[in-house]
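The tour below moves from one selection to the next and says what to look for at each stop.

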Amino acid sequence: MKRSILPLLFSVFLLPGCGNRTSTGSLPVLSVPCSSVSSDVQLEELATASVIRLSSSDSLLLNDILRIHADARSIWLSDRSSVCCFSPAGELLRRLSRQGQGPGEYTGITDFQVDAEGNVWVLSRSQQRLFLYGKDDRLLRTLDLPLWVENMKLTEDGLVLYSGNEPDDSGMQLHWMALSSGTILRHAKPLDRKQAAYLHVHNRNPFQSASSGGCHFSQLFNDTVYTLTEAGAVPSAVVDFEGHNVPASFYAAGYQDIMEFFQKFHGVGTYAYGLNLFLDTPQAYCLSYYYQKQCCLAVLPKSGTGQRVMNGFRLSSPLSDYPVDLNEVAMFAQDDGSIILPLDAASVKEYYAASSRPVPSEVSAYLQEVSEDANPFLLVVRFHQ
């Protein structure tokens, strides 16, 4: 079923690109050309694309996908109720489904991580609890959390927890936890309480791998990109949207509630904002952002030339001439530098049924069997730059 993301003001995806790097003070500035947006880019001019058809059945129907982690051997993804592992060909390999109210069960999935042994960490924000399940899906351990957590990142040293705009005693947003004891070791990234009063937003991609190693951290409605180090969250770059960044004075003005905040925000109509997705590859930065109520994707080579900004694109293969509107899809950055976009299978079928274009042979047999509730296609995009 086709789903518009544009009205979901609290789930904005930001992929700002930075081709030209200047410097303000000690931080490089990543300049995003907001005014040069294309809506009908041929994706294959910029990237290679492949489509994975996830297997479907009456007992295996995914709802809104929250997170995707993919590598050469497997594709892990989750909705609110289960964590699934698929092969690179889209066949189901494993499914962890322990939603419930009983012992060892979670009420809902907020985030998940998979360790090197195939054990799955599940975060349930509503329970303030972490669940560790083994490869046979047996519960191995639970950890109660002393704060509300939105996202997490598994590292060699433990877990980095992101508490979003929910204040806690530390006044910080990032928290390093030792897995052996469940102890919070240190905190970083002070909470901006002027923003937190209005922006209880969920970020799908706060943690992204850096091309030089380590991990980047970015937030919605924050123009700064951070690098996680032993010292905490260190600012590493600032994104400039051609002067359309939201000024600090806008947050400081004070509003009655979140609805008034967004009414005033969109009433101005000239602000660009993010950051949800910040992809750092050896050749380019990829970022997404919202400008004039449009979700935009910028691909900006580190060489400084060949910048491209788009709010949509068309595929040449394997879904010939299929249009992708970035306002209608979610985007998930991967550690290997690719981006995965779930495409509604029923919408793909409707598009070819309503057009005169032939159905691509790679998916024609599958589309004949697609129903409205079929699992999505996964579009895997890897940019050339």
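A residue is called buried when its relative accessible area is under 20%, exposed when it is over 50%, and partly exposed in between, using a 1.4 Å probe and protein chains only. This is a predicted model, in which local features need pLDDT of at least 70 and side-chain atom pairs count only at pLDDT 80 or more, while totals for chains, interfaces and linings use all residues. Residues are numbered from 1 along each chain as its sequence is written, and side-chain values use heavy atoms, with hydrogens and water left out.

**Salt bridges**

Begin with the charged pairs, where a salt bridge is a side-chain nitrogen of Lys or Arg within 4 Å of a carboxyl oxygen of Asp or Glu; by this rule there are 12 salt bridges. Helices (H or I, at least four residues) and strands (E, at least two) are DSSP runs numbered from the N terminus.

Select Arg204 and Asp64, whose closest N and O atoms are 3.5 Å apart in a salt bridge. Because Arg204 belongs to the loop between helix H1 (193-196) and strand E17 (207-209), and Asp64 to the loop between strand E4 (47-53) and strand E5 (67-70), this pair ties together parts that are 140 residues apart in sequence. The two partners can be viewed in turn: Arg204 is buried, at a relative accessible area of 7%, whereas Asp64 is partly exposed, at 34%.

Next select Arg129 and Asp144, a salt bridge with 2.7 Å between the closest N and O atoms. Arg129 is in strand E11 (residues 129-133) and Asp144 in strand E12 (residues 139-144), 15 residues apart. Here Arg129 is partly exposed, with a relative accessible area of 28%, and Asp144 is exposed, with 52%.

Then move to Arg314 and Asp40, which form a salt bridge whose closest N and O atoms are 2.8 Å apart. This pair links distant parts of the chain, since Arg314 is in strand E26 (residues 312-314) and Asp40 in the loop between strand E2 (27-31) and strand E3 (41-42), 274 residues away. Asp40 is partly exposed, at 48% relative accessibility.

**Aromatic rings**

Now show the rings of Phe, Tyr and Trp (its six-membered ring), which pair if their centres lie within 6.5 Å, with planes under 30 degrees apart counted as stacked, over 60 as edge-to-face and the rest as tilted. The whole structure holds 28 aromatic pairs. Select Phe261 and Phe265, a stacked pair because their ring centres are 6.1 Å apart and their planes lie at 20°. Both residues are in helix H3 (residues 258-268), four residues apart, about one turn of the helix. Phe261 is buried, with a relative accessible area of 0%, and Phe265 is buried as well, with 2%. Extend the view to Tyr271, whose ring centre is 5.6 Å from that of Phe265 with the planes at 50°, so this pair is tilted. To see the surroundings, select Phe221, Phe250, Tyr251, Tyr255, Phe261, Phe262, Phe265, Tyr271, Tyr273 and Tyr290, which ring pairs link into a cluster.

**Last stop**

Finish at Gly243, in the loop between strand E20 (232-240) and helix H2 (248-252). Gly243 is exposed, with a relative accessible area of 62%.
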